[in-house]
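User: I have a model open and want to go through it with you. Can we take it piece by piece?
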Amino acid sequence: MVAALKRPGLGRAALGGLLGFGFGYGLVVVLRLISGLPATQTAQTGYPQLIVGMITAAFGFLIGLGAFDYWFRWAAGAPTYPAELEHKAHGAHSWRDYFKFNTDHKVIGIQYICTTFVFFFIGGAMAMIMRTELAQPGTQIVEPGTFNSLFSAHAAIMIFVFVIPVFAGIANYVLPLMIGAPDMAFPRLNALSFWMLPIAGLLFVGSFLAPGGGFDAGWTGYAPLSTGAPLGQSFFNLGVQFAGASSVATALNFLVTIITMRAPGMNFWRLPLLVWANLSTSLLVVAATPFIAGVQFMVLFDRLLHTNFFQELNGGDVLSYQHIFWFYSHPAVYIMMLPGFGIVSEVISTHARKPIFGYRLMALALIGIIVLSYTVWAHHMFVSGMFAWLRIPMMITTLLIAVPTGIKIFSWLATLFGSKLHLRSTAMLFALGFIVTFTIGGISGVMLGMVPIDIHVSDTYFIVAHIHFVLFGGSVFTIFAGIYHWFPKMTGRMYDERLGRVHFWLTLVGMLGTFVPMHWIGMEGMPRRVADYSAQFGDWNLLISCFSFLLGAAQLIFLYNMIVSWKWGPLAGDNPWRARTIEWLVSSPPPIFNFDQIPRVVGGPYEYGVPGARHAILGPAEAEVGAAEPAVAGSAGTGPT
Amino acid sequence: MEAHAATVEHAHGPPEAHQSSRIDRQTLGILLFIVSEVMLFGAFFASYFFLRVVANVGPWPPEGFDLPTAVAGVNTAILISSSFTVHYALVSIQRGNRRGLIAGLGATWLLGFTFLFIQFNEYVHIGFSARNGAFGTIFYGLTGLHGAHVTVGLILLAMANIRAWRGHFTSEPKKHLGVEVPGIYWHFVDVMWIIVFTTVYIL
């Protein structure tokens, strides 16, 4: 028992969390007593003893987990050893290794994906509760206050601990393989990034236990609603800090990996588009996410220390919250979409067996999107009473983003043009579904970019419809496409395509049935974020709720398919899709250090149907490289097909 | 293929990653981290802009807020001089001068700590708190955020100091990244202070 608590792991982490909480709580109490104040403070925006306790508990948890063991040794000048040789902390030999601080990018990728899907189902369950409440006018099962907490937590969970990190998880798994790197640039930082994520998720979910209920100011947490809200709001502020720090550290890691660890011959114009997508996303994360960290700190300071960032009466500026918040959160919608673009490019090119159309323009369009995304934030604020002169410039830049996005959509269509499409592959179905639903969401986005339409439909269900068409029809569809595409690589086993197709069609129908009518009731003026509504919208809402239950149930098929196939699915082989990128040239799942020898890249990644074209050569056994050298077991026969 | 995976697993350590850029990972990593730090400061500077230009017209700082600009100016000089000492430490180890390394790092740490101490003293005697109007809030917001960064820099430099004493760095390339990387961060902290000082105390 004592030995178990000394070893790095979840046991020591739990102990560390408890000690950390005790330390933070005690520190505040002692400091307050020294200053002659009452030991604890329980005003609704206060509870400093709990807030500080939660921060120190999180660090205690991470220390207990072993996240800092190496760094502590390094800082003290004690002998250290590379993480790769630290057998216990690298690679998974049993399922238990997935619950440890692990530095293998493949293990971390799986940890990310599984954790984020847990939060996906929690957030989804919240949506189901909300749709039950909204099935009829009047109060059904939850009070309006609880409803406010539900939609806030649903959005916060889906955005901060599902969509953003699940992309990081998928990229964590495949990106180092794709560029021919043995691991990420900073494996320990990578593991630390992952373990901050459950902390953020637990804070969001745990806020429901706080006195006064969960945070209820929406995921946007506008001041002054948030600065005066009960304790749960502080949980949101802290959770965003941990999720934000996690994604900044991951993005930094991706950038360094992509820039410094590409295989010989892998120049920027040979990078697979998934790598390009993560390169541009990471640039956005590194340069935008600190803004939300900053603004949530300000809210926390206003709540805890009674500063005046957003206190209008004391000279603060309420509207500055929205400016600073959206300066992050508009780029954030591309953080949630660009990795999906990358996944879809991989899936479409591979399953259509065609070179991607306009490869360079596809890459440059990503750069165009990230540059433009910094110039559009105030289109969320057309009705906020901000500077009137800012409206038209923001409208124009917003509409301009449709150009690079359109380039991508048309390039995918041109890639599909003339290919032999067959609708049997689930990954391809989700990619095709994505093109349809994301285009609809993109078009309603262009509508919303126009100032007059935006003013008309602000805070109505039209917004809800738009956001779900781009985030569910966009991001989540690409996530499913990616999961189905790389499932054989990650697990070595094949999923059930029939169940996959059922999952796709039910998801598509459920999604359209749920979100298409929201456009109409939104245009008629049904306000969003309310538990009750005018009786005239009752029929539509009942229909929406029915379709949303179908949508929810369809995800259980996915869950079943993934769990059962992971354990009992037929072996997939190394390259079931006959794809060209490097991750398909190694075994499924890949060996612990990815490669015996770093592969050499000799051509573009998507040269399907081009005679004699090759993307990468693995190992020295290939005839054209070094015929004199002896063959290495296993590397023969893994060449591209 | 399963068997293949198993043999490879125990055959050897990881293959050496191909270095595809002239910059090494640690340096690039700290530079990108500094980009994100600049943006964090950007959020607080944005707030400064809104509080000073949009929300409050009239004299700035408002009546009754007096800043000890002279003391802060001396403090600025102290912090800037620490940039030179950390550079001296790096140049020393590049030439194999261990004594210069230890002296440079030690001096940097002491100068940084002195800066932080004077800053703390200023807070104690300044006569207003973060609760006093928009000016108090953004004054403590910006200088406090910077102070937090000085603290982080001092922690990094403390590691470099300890490792230098224990004889860890040599003059070969990449064998003194533990001095170079905290040094880059420290230069950032200094440059950022010049901007914060100019904005808060002078403009």
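User: What share of chain B counts as buried?
Analyst: This is a predicted model. In it, 47% of the 203 residues of chain B count as buried.

User: And what is the secondary structure of chain B?
Analyst: Chain B has six helices and zero strands. From the N terminus on, its elements run α-α-α-α-α-α.

User: Why is chain B described as more spread out than a compact globule?
Analyst: The radius of gyration of chain B is 22 Å, while the globule rule gives 17 Å for 203 residues, so chain B is more spread out than a compact globule. Along the principal axes, the C-alpha atoms of chain B fill a box of roughly 75 × 45 × 25 Å.

User: How much of the contact in chain B comes from residues 24 or more positions apart?
Analyst: Such pairs make up 79% of the contacts in chain B, counting those with a separation of 6 or more.

User: OK, the interface. How much area do chain A and chain B bury between them?
Analyst: About 4500 Å², and 71% of that is on carbon and sulfur atoms. On the chain A side, A:Trp74, A:Thr260 and A:Phe309 lose the most area to chain B, together 12% of what that side buries.

User: How many residues does each chain put into the contact?
Analyst: Chain A puts in 57 residues and chain B 51 residues.

User: Then where are salt bridges found, and how many over all chains?
Analyst: The count over all chains is four. One of them is between A:Arg12 and A:Asp69, with the closest N and O atoms 3.1 Å apart. A:Arg12 lies in helix H2 of chain A and A:Asp69 in helix H4 of chain A, so this pair ties together parts that are 57 residues apart in sequence.

User: Is A:Arg12 buried or exposed?
Analyst: A:Arg12 is buried, at a relative accessible area of 18%.

User: What does A:Arg528 pair with?
Analyst: A:Arg528 forms a salt bridge with A:Asp459, at 2.7 Å between the closest N and O atoms. The two sit in loops 69 residues apart: A:Arg528 between helix H18 and helix H19 of chain A, A:Asp459 between helix H16 and helix H17 of chain A. A:Arg528 is partly exposed at 24% relative accessibility, and A:Asp459 is partly exposed at 44%.

User: Switching to A:Thr350. Which element is A:Thr350 in?
Analyst: A:Thr350 is in helix H11 of chain A, residues 338–352. A:Thr350 is buried, with a relative accessible area of 3%.

User: What polar partners does its side chain have?
Analyst: A polar atom of the A:Thr350 side chain lies 2.8 Å from the backbone oxygen of A:Glu346. The side chains of A:Thr350 and A:Tyr608 are joined by a polar contact of 3.1 Å. Beyond four places in sequence, the contacts of A:Thr350 are A:His485, A:Trp577, A:Ala579 and A:Tyr608.

User: Last one: where does A:Met184 lie?
Analyst: A:Met184 is in the loop between helix H6 and helix H7 of chain A, and counts as buried at 1% relative accessibility. A:Met184 is 79 residues from A:His105 in sequence, yet their C-alpha atoms are 6.4 Å apart.

Note on methods: Residues are numbered from 1 along each chain as its sequence is written. Chains are lettered from A and ligands numbered from 1 in the order in which they are written. This is a predicted model: local features need pLDDT of at least 70, side-chain atom pairs count only at pLDDT 80 or more; totals for chains, interfaces and linings use all residues. Side-chain values use heavy atoms; hydrogens and water are left out. Contact means heavy atoms within 4.5 Å. Buried area is the accessible area (1.4 Å probe) that two parts lose on being put together, summed over both. Helices (H or I, at least four residues) and strands (E, at least two) are DSSP runs, numbered from the N terminus. The radius of gyration is taken over C-alpha atoms; the globule rule is 2.2 Å times the number of residues to the power 0.38. Buried means under 20% relative accessible area, exposed over 50%, partly exposed in between (1.4 Å probe, protein chains only). A polar contact is a pair of N or O atoms within 3.5 Å; within protein, one must be able to donate a hydrogen and the other to accept it, and residues adjacent in sequence count only if both atoms are side-chain atoms. A salt bridge is a side-chain nitrogen of Lys or Arg within 4 Å of a carboxyl oxygen of Asp or Glu.
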